[in-house]
Amino acid sequence: MPKHCPLVEPPFLAPGNAHAALPPPGASIPLSPTSVHTCRLFLSLTLPSCRLQVVFEKGGVFLHTSARGRHQDPGSLIAGVLRLLEKDNDVILHWAPVEEAGDSSHVVFSKKDPGGGDPCPSEEEPTFDPGYEPDWAVISTVRSRSRPPEPAPAAGAGSPQGSWAFSVSLGELKSIRRSKPGLGWAYLVLVTQAGGSLPALHFHRGGTRALLRVLSRYLLLASSPQDSRLYLVFPHDSSALSNSFHHLQLFDDDSSNVVSRFLQDPYAATFGGFSRVTNFFRGALQPPPDGPPASHPEALDDEEPEPGFEVISCVQLGPRPVVSRGQPVTEDIWASHVGPDGRLQDVGELKAQIFSGGLCPSLRREAWKFLLGYLSWEGSAEEHKVHIRRKTDEYFRMKLQWKSVSPEQERRNSLLHGYRSLIERDVSRTDRSNKFYEGPGNPGLGLLNDILLTYCMYHFDLGYVQGMSDLLSPILFVTQNEVDAFWCFCGFMELVHGNFEESQETMKRQLGQLLLLLRVLDPPLCDFLDSQDSGSLCFCFRWLLIWFKREFPFPDVLRLWEVLWTGLPGPNLHLLVACAILDMERDALMLSGFGSNEILKHINELTMKLSVEDVLTQAQALYMQLTACQVRPKTLPALTLIPSHLISCLSLIHCS
């Protein structure tokens, strides 16, 4: 092995060199012992004339040789074909430029022809800035020497692009890193056991999930506890599975911390714990078409389960049940639950009736105070009167705080001035078609303004964020009272305040939870959306942010919210509502050949065209279908661990 070969040390390891330009292929750079070992690995994996079986092939997989982010020069993009090849007892991942792959016809860099009918996304510049992380997205690590050409190459070994071709055995992989979702072209970076990383593979036509699904036939892919986008790779054997518990730090010294973390954050805790070992991505509910290797169940059967795990089996989802929703709760039904002292009785049954049919309009003004936590379900009528007097005084004290600020003071208080300006602008265009808010000088607009400014005094850290006026408007419309509306709004914000935090971590987590549910409920739809660069579900952002406020007619929003406020059957029913809408539109999306732009346009055009009763019926049916999935203890051999994402889904929709 020579001491110099065409291998470059990752420039991102050098301080201040994250965007270093790449040396030309063939540059000779001294190597460390580790790099020499890595180079030997790549150079030894040639493809001689022997029996090869292609198990996966994907075109439109590019290498980006420039660190210019989304503004890539076409000359810096190397189009190629990625293949998984079974050779003897080994599986090889192989990438070659199109001229070497002998398939230059279907992978080219070109701008999209406006008049063309190609259903695949073109390689034109993405709409959104990918936000590339240069230490992963730019080719700055290992490049192998040109491998011997195939029997019928389209270009010789001297081709400038040919030197980028590489192959690696799956057994030599240590980890796989994915790009952030929804940020332009998806890419994967493969890291070897020797510590080097292969060039980043940019999937201009989708296919990252398809590749990962095929890889899961040969490898265990487990989420890293430190980075949710980094997947650790383990071979399919019992010893590696056993060791993975230790390497992944599945439990802390005090295993009860797992439970507490789960209650605080079901999605992160589940993915950070349970699914680290058994996260096989969407294929876990039903095996891939070729079927799982026969040796896997026996290996698992011999394992001693880690404390806190029960080895169980899960059949695929059964038929979706037919659901019939009930009638709205009337004033007579509500009165039947009120005791002699005004205290509500059989609250659980009352909530179930509200969940099933909602409330009649005349009852909302009273019932919403309970649903939003302004009044206690357990309090008596006298206790409620005392509470309302105290809360009224508290509200006007906070309102006086901003009312007493003089114009001169406000000029020196940029924060308050900014809130006031933003609130005035938002209020002026909130639900103006509703009679309660229409017309110039409408007093309802003044109340919206005052309540939102007072909320800034109530919650200094959060203040006012665009979208809050959409949440307050229906509440004020129903309560017809400034103080009641304020405290009911505060109760609503307790449920959704994370949606408006600057970090947007709550919104990111909810989109992840939604994707998790959709993966279980409808894998083909997930595959389709992913293939059209819409797998991040960013078009659902507005749905979750303001709880579908702008998707349904105003009366339907009132019905939807009161059902969601019951907390039944769990605190995340709004995620199943989103799944229900996507399920109802799946044929329109999948059979029309929509691209990402058409998908976004179609979703936006659903506004005011959805029936809330149909959506709630479908959401309830999805819930019942999930909970009817049969699980059983380990009583028979050859059983597998329950799919981690099903555990997560069931935890999402059940009450904590």
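These points describe a predicted model of a protein, from its overall make-up to single residues.

1. Overall make-up. The protein has 656 residues, and 52% of them are buried. Its secondary structure consists of 27 helices and 13 strands. The accessible surface is about 29500 Å², and carbon and sulfur atoms supply 53% of that area. Among contacts with a separation of 6 or more, 73% are between residues 24 or more positions apart.

2. A strand pair. Strands β5 (residues 90-97) and β6 run antiparallel and are joined by four bridges. Ile92 has Ser169 of β6 as its bridge partner. Strand β6 covers residues 166-169; Phe166 and Val168 point one way, while Ser167 and Ser169 point the other way.

3. A helix pair. Helix α15 (residues 414-427) and helix α16 (residues 443-458) have axes that come within 10 Å and cross at roughly 150°. An angle over 145 degrees counts as roughly antiparallel, so α15 and α16 are roughly antiparallel to each other. The crossing of α15 past α16 is right-handed. On the α15 side, the contact is made by Leu416, Tyr419, Arg420, Ile423, Glu424 and Val427. On the α16 side, the residues include Leu445, Leu448, Leu452, Cys456 and Met457.

4. A buried valine. Val563 sits in helix α22 (residues 554-565). Is Val563 buried or exposed? With a relative accessible area of 0%, Val563 is buried. Leaving aside residues up to four places away in sequence, Val563 touches Arg325, Ile354, Phe355, Gly358, Leu573 and Leu616. Leu616 is 53 residues from Val563 in sequence, yet their C-alpha atoms are 8.8 Å apart in space.

5. A cis peptide bond. Most peptide bonds are trans. The bond from Leu568 to Pro569 is cis, with omega near -5°. Pro569 belongs to the loop between α22 and α23 (573-584).

6. Two glutamines with positive phi. Most residues other than glycine have a negative phi. Gln480 has a positive phi, near 55°, and is placed in the loop between α17 (468-479) and α18 (482-496). Its relative accessible area is 43%, so Gln480 is partly exposed. Phi of Gln504 is also positive, near 60°. This residue, Gln504, is in the loop between α18 and α19 (505-521). Gln504 has 22% relative accessibility and therefore counts as partly exposed.

Notes: Residues numbered from 1 in each chain as written. Predicted model: local features only at pLDDT ≥ 70, side-chain atom pairs only at ≥ 80, totals over all residues. Heavy atoms only, no water. Buried < 20%, exposed > 50% of the residue type's maximum accessible area, 1.4 Å probe, protein only. Contact = heavy atoms within 4.5 Å. Areas by Shrake-Rupley, 256 points an atom, 1.4 Å probe, with all protein chains shown as cover. Pairing = 2+ DSSP bridges. Axes fitted to C-alpha atoms, helices over the stretch in contact; angles between N-to-C directions. Parallel < 35°, antiparallel > 145°, perpendicular 65-115°, else oblique. Left-handed = near helix turned anticlockwise from the far one by under 90°.
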